Amino acid sequence: MNQTHDDVLDLAAGFVLGALAPDEEAAVRDHLATCAEPHPEIEEFGGVVPYLADALDPVEPPASLRDRILHAAAMERPAEGSAQVELSAAPTRGRAPAPTPPAIPFPTAEERAARAAARPSRLGTWAMGIAAVLSIAVLGAWNLQLQARLSDVEGTLAAATAYQQGVARVLEVAAEDGAQTALLVPADPSTSAVGLAATGADGTVVISMRELAPTTGTQVYEAWVIVGDAGPVPLGHFTVGASGTGVFSGTTALAGPGAILALTLEPGPGATIPTQPVLTIGTLAAST
Amino acid sequence: MTDQTAPGSLRVASPVDDADRRILAELGAGRLGALEDLYDRYRAMAFAIALRITADSTLAEDVVQDAFLGVWRHADRYVEGRGSVKTWLLSIVHHRAIDAVRRRRPAVELPDPEVPPPPQLVASDVWPEVAGRLDAVEVRAALATLSDVQREAIELAYFGGLSQTEIAERTATPLGTVKSRMRLGLLAMRRALVGEGPDPMSEGVES
């Protein structure tokens with residue numbers, strides 16, 4: 001055995017417990033990567049370590065965690081699945097038939113419905129319930145309350161105004177025959193952003209958000225629509241300034257009752273699949 | 001249990017692992033239902049580890065979420081024969097919880113997030129024939145064979161995220177003694193778990 005090999009023996013216990021200084025750990029990794037000799041001490045000690053956790057009593061996490069995880073996972077796909085997704089780069093206007101659902105890792109509508117029935121999350125139930133019964137009148141009243149509250153706060157007037165204008169555009173679309181509306185609520189603990197969205201019968205989509213983190217560099221907020229068993233389809237992107245207000249307008253052929261709208265903060269424009277966690281999410285329902 | 005394989009073989013299946021592997025294959029294919037299954041199977045163990053390490057239930061939830069989403073994204077990184085899926089998943093939980101705790105302690109040098117997961121994540125299940133039937137009682141009994149100072153050194157590292165140097169400082173013990181306690185403690189635990197006689201490493205280590 002050479003000196004380095006002996007060093008590794010000496011460091012084995014600390015290594016498997018993750019208790020070495022970074023330079024020591026790097027040295028062990030380098031050695032293991034290049035040394036052809038067996039290292040039984042690493043395996044013997046390393047085999048013990050996972051059992052340390054078995055001594056703990058299990059602790060049930062809050063029930064809401066399950067929905068958070070599944071929600072976030074639903075918006076992502078394992079790397080292998082990427083090639084299977086078909087995306088229309090330029091969504092067409094009108095209510096064209098939805099494309100054949102590609103084989104992607106999103107639960108079937110039945111699975112989602114069954115899960116929703118079996119384990120309603122506080123957030124999910126709230127959002128869906130509200131979206132389902134949301135009327136123009138309710139939207140308007142909520143909007144006024146928001147205006148009053150935001151206007152009270154010094155320095156938020158500009159943000160409130162921008163948001164108001166966005167909401168006004170949402171309301172215009174929502175008032176059309178055949179329109180759908182959604183209340184977008186946080187899906188990730190990192191954000192408190194909320195907003196409203198409406199889709200028109202002609203495929204217009206308007207989303208007005210507040211309390212979004214300002215985008216920096218090439219960052220953009222990407223809007224996604226998810227229909228049935230299909231994967232997230234990008235709607236387009238927008239940037240957000242210091243006000244935290246974001247208004248998005250676009251078109252899609254995919255939005256209809258039950259379609260899900262979601263936002264992610266992507267490192268740059270042009271994402272064809274979400275690479276970041278879903279920040280806010282909402283389900284479209286008939287607005288009248 | 002079907003694992004009647006020659007001693008020394010690391011590829012011994014237990015029924016639990018077969019079920020885990022099926023879940024992993026389905027995760028790789030992108031079936032969300034598989035993630036639910038995995039979550040239902042291990043959520044309480046995962047949360048227990050995260051909570052013990054972070055002592056903060058909000059942070060522990062984030063850690064568990066990160067870990068399950070990591071498995072969802074990277075099910076293909078699981079290497080068969082290098083430990084059960086449970087070991088893999090819980091090692092990721094452990095690693096992320098330690099990261100979270102160290103991030104709260106600015107004095108500690110943070111590991112590069114791109115560095116491979118901690119060593120126990122890639123450690124083989126050296127005794128697969130016992131792996132499937134160990135329960136908490138047996139593991140606690142094994143831990144009880146350690147001396148108090150050995151157990152303290154191991155727990156400060158594994159659940160506290162402290163380095164050997166930090167443990168030496170905190171317990172006012174020479175660094176060499178801390179290293180020795182960790183090594184002897186792991187050996188004792190291994191003997192208790194496997195019921196094994198001679199220590200394969202008793203020679204040559206100190207030379």
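Student: When H2(B) passes H4(B), is the crossing left-handed or right-handed?
Tutor: Keep in mind that this is a predicted model. Helix H2 covers residues 32-54 of chain B, and helix H4 covers residues 85-104 of chain B. As H2(B) goes past H4(B), the crossing is right-handed.

Student: How are H2(B) and H4(B) set relative to each other, roughly parallel or oblique?
Tutor: Two packed helices are described by the angle between their axes and the distance between those axes. Here the axes lie 9 Å apart and the angle is about 30°. Angles under 35 degrees count as roughly parallel. So H2(B) and H4(B) come out as roughly parallel.

Student: How many residues in the contact of H2(B) with H4(B) are nonpolar?
Tutor: On the H2(B) side, the contact includes Leu38(B), Met45(B) and Ile49(B), while H4(B) brings, among them, Leu89(B), Val93(B) and Arg104(B). Two of the contact residues are polar and two are charged. The nonpolar ones number 14.

Student: How many of the 20 residues of H4(B) are buried?
Tutor: From first C-alpha to last, H4(B) reaches 29 Å, close to the 28 Å expected at 1.5 Å a residue. A residue is buried when its relative accessible area is under 20%. H4(B) is largely enclosed by the rest of the structure, because the buried count among its 20 residues is 15.

Student: What about H6(B) and H9(B): are they roughly parallel or oblique to each other?
Tutor: Helix H6 is residues 136-144 of chain B and helix H9 is residues 175-194 of chain B; their axes come within 8 Å and cross at roughly 140°. Roughly antiparallel would need an angle over 145 degrees. That crossing is right-handed, and the pair is therefore oblique.

Student: Which residues of H9(B) does H6(B) meet?
Tutor: H6(B) puts Glu138(B), Val139(B), Ala142(B) and Leu143(B) into this contact. The contact residues divide into six nonpolar, no polar and one charged. Across from H6(B), the H9(B) residues are Met189(B), Ala192(B) and Leu193(B).

Student: How far apart are the C-alpha atoms of Glu166(B) and Val178(B)?
Tutor: Glu166(B) sits in helix H8, residues 164-170 of chain B, and is partly exposed, with a relative accessible area of 23%. Val178(B) is twelve residues away from Glu166(B) along the chain. Their C-alpha atoms are separated by 9.9 Å.

Student: And chain A: what percentage of its 288 residues count as buried?
Tutor: Chain A has eight helices and nine strands. Among its contacts with a separation of 6 or more, 67% come from residues 24 or more positions apart. The buried share of its 288 residues is 52%.

Notes
Residues are numbered from 1 along each chain as its sequence is written. Chains are lettered from A and ligands numbered from 1 in the order in which they are written. This is a predicted model: local features need pLDDT of at least 70, side-chain atom pairs count only at pLDDT 80 or more; totals for chains, interfaces and linings use all residues. Side-chain values use heavy atoms; hydrogens and water are left out. Axes are lines fitted to C-alpha atoms, for helices over the stretch in contact, and angles run from 0 to 180 degrees between N-to-C directions. Helices (H or I, at least four residues) and strands (E, at least two) are DSSP runs, numbered from the N terminus. Angles under 35 degrees count as roughly parallel, over 145 as roughly antiparallel, 65 to 115 as roughly perpendicular and the rest as oblique. A crossing is left-handed if the near helix is turned anticlockwise from the far one by less than a right angle, and right-handed if clockwise. Contact means heavy atoms within 4.5 Å. Ala, Val, Leu, Ile, Met, Phe, Trp, Tyr, Cys and Pro count as nonpolar, Asp, Glu, Lys and Arg as charged, and the others, Gly among them, as polar. The expected span of a helix is 1.5 Å times one less than its number of residues. Buried means under 20% relative accessible area, exposed over 50%, partly exposed in between (1.4 Å probe, protein chains only).
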